[in-house]
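The exercises below are meant to be worked through with the sequence and the model open side by side. Each task is followed by a solution that goes step by step.

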Amino acid sequence: MVTILFHSTIFGPIHSRRLGTSLGINLSPVDGKVCSFDCVYCEAGYNSQGTGKSGLPPRDEVSRLLEAKLKEMSDAGAPLDVITFSGNGEPTMHPDFDGIIDDTLSLRDRYYPGAKVSVLCNSTRLDREGVVSGLRKVDNCILKLDSALTPTMRLIDQPVSERFTCEYVIPQLESFGDKCIIQTMMLRGNHNGCHIDNTTAEEVDALIEAYKRIKPREVMLYSIDRATPESDLQKVGRDELESIASRIRKEGIKVQVS
């Protein structure tokens, strides 16, 4: 069974296929998962594994650990392209998210001024002022939209809130415009007796219309790369991703395939 990936608050650096050499920040527990989605493809596993006992890392601890790692890397002359908020759940669920972003930007400027700060966000908390404030400060605000059709989105992402819909979130994404990057996982398979496929013409057409409304800086299209909690999922191949991307590019939207 797939379980939590990261057993520390600061992890890496690792090579990200989309972002380069990345130092990770995990604002979730180091022994559990806290997320407002329960995605069928999540590399950290399902929420049912529990939240653990460690709790969310305090703001001052995140800052202390991050500074220690950045100093160590800087002293060693190690390269760094990006500091990425990711980990065992949704980073914007941390109550001090906005302040932690401020701390991170300050430390980045001190040790690696050429590095970017990125947040991988599932878009469920864009109705909260502190979350929006923090996301607008970072270099790469990467927001999730796996389908522009609510039934498919809910099947893939399994949002904890029953009220979370595409009709609700797309206007919020639109408010970010070219400040955001939209990240879309393409996949097909089955879950609980239901077929999943967001690569169909209907799905891609709906995504294109959503992208045209949002007007993001770019769209990141990708597919499964590691083990998933749902065993009956299929990776979408590079050629097919490129074919979908070409349809999107025809609408004047920049697309990165990885």
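This is a predicted model: local features need pLDDT of at least 70, side-chain atom pairs count only at pLDDT 80 or more; totals for chains, interfaces and linings use all residues.

**Exercise 1. Determine how α1 and α2 are arranged, and which residues form their contact.**

Begin with the axes: those of helix α1 (residues 59–76) and helix α2 (residues 97–111) come within 10 Å and cross at roughly 15°. Angles under 35 degrees count as roughly parallel, and α1 and α2 are therefore roughly parallel to each other. The handedness of this crossing of α1 and α2 is right-handed. On the α1 side the contact is made by Arg-59, Val-62, Ser-63, Leu-66, Glu-67, Leu-70, Lys-71 and Ser-74, and on the α2 side by Gly-99, Ile-100, Asp-103, Thr-104, Leu-107, Arg-108, Arg-110 and Tyr-111. Sorted by class, the contact of α1 with α2 holds 6 nonpolar, 4 polar and 6 charged residues.

**Exercise 2. Carry out the analysis for α2 and α3, including the handedness of the crossing.**

The axes of α2 and α3 come within 8 Å, and the angle at which they cross is roughly 20°. That angle makes α2 roughly parallel to α3, while the crossing of these two helices is left-handed. From α2, the residues Phe-97, Asp-98, Ile-101, Asp-102 and Leu-105 meet Gly-130, Val-131, Ser-133, Gly-134, Leu-135 and Lys-137 of α3. The residues in this contact of α2 with α3 comprise 5 nonpolar, 3 polar and 3 charged.

**Exercise 3. Which residues of α3 are buried, and what do they pack against?**

In helix α3 (residues 129–137), the buried residues are Val-131, Val-132, Gly-134 and Leu-135. Around the axis they cover an arc of only 165°, and so they lie on the same side of α3. The partners against which the buried residues of α3 pack are α2, β4 (116–121), β5 (140–144) and α5 (166–176).

**Exercise 4. Examine the backbone at Pro-13, Ser-123 and Lys-215.**

As background, most residues other than glycine have a negative phi, and most peptide bonds are trans. Pro-13 belongs to strand β1 (residues 10–16), and the peptide bond that leads from Gly-12 to Pro-13 is cis, with omega near 10°. Ser-123, in the loop between β4 and α3, has a phi near 75°, which is a positive value in a residue other than glycine. Lys-215, in the loop between α6 (201–214) and β9 (218–222), likewise has a positive phi, of about 55°, although it is not a glycine. To finish, consider accessibility: Ser-123 counts as buried at 1% relative accessibility, whereas Lys-215 counts as exposed at 57%.

Terms used
Residues are numbered from 1 along each chain as its sequence is written. Side-chain values use heavy atoms; hydrogens and water are left out. Axes are lines fitted to C-alpha atoms, for helices over the stretch in contact, and angles run from 0 to 180 degrees between N-to-C directions. Helices (H or I, at least four residues) and strands (E, at least two) are DSSP runs, numbered from the N terminus. Angles under 35 degrees count as roughly parallel, over 145 as roughly antiparallel, 65 to 115 as roughly perpendicular and the rest as oblique. A crossing is left-handed if the near helix is turned anticlockwise from the far one by less than a right angle, and right-handed if clockwise. Contact means heavy atoms within 4.5 Å. Ala, Val, Leu, Ile, Met, Phe, Trp, Tyr, Cys and Pro count as nonpolar, Asp, Glu, Lys and Arg as charged, and the others, Gly among them, as polar. Buried means under 20% relative accessible area, exposed over 50%, partly exposed in between (1.4 Å probe, protein chains only). The arc is that of the directions from the helix axis to the C-beta atoms.
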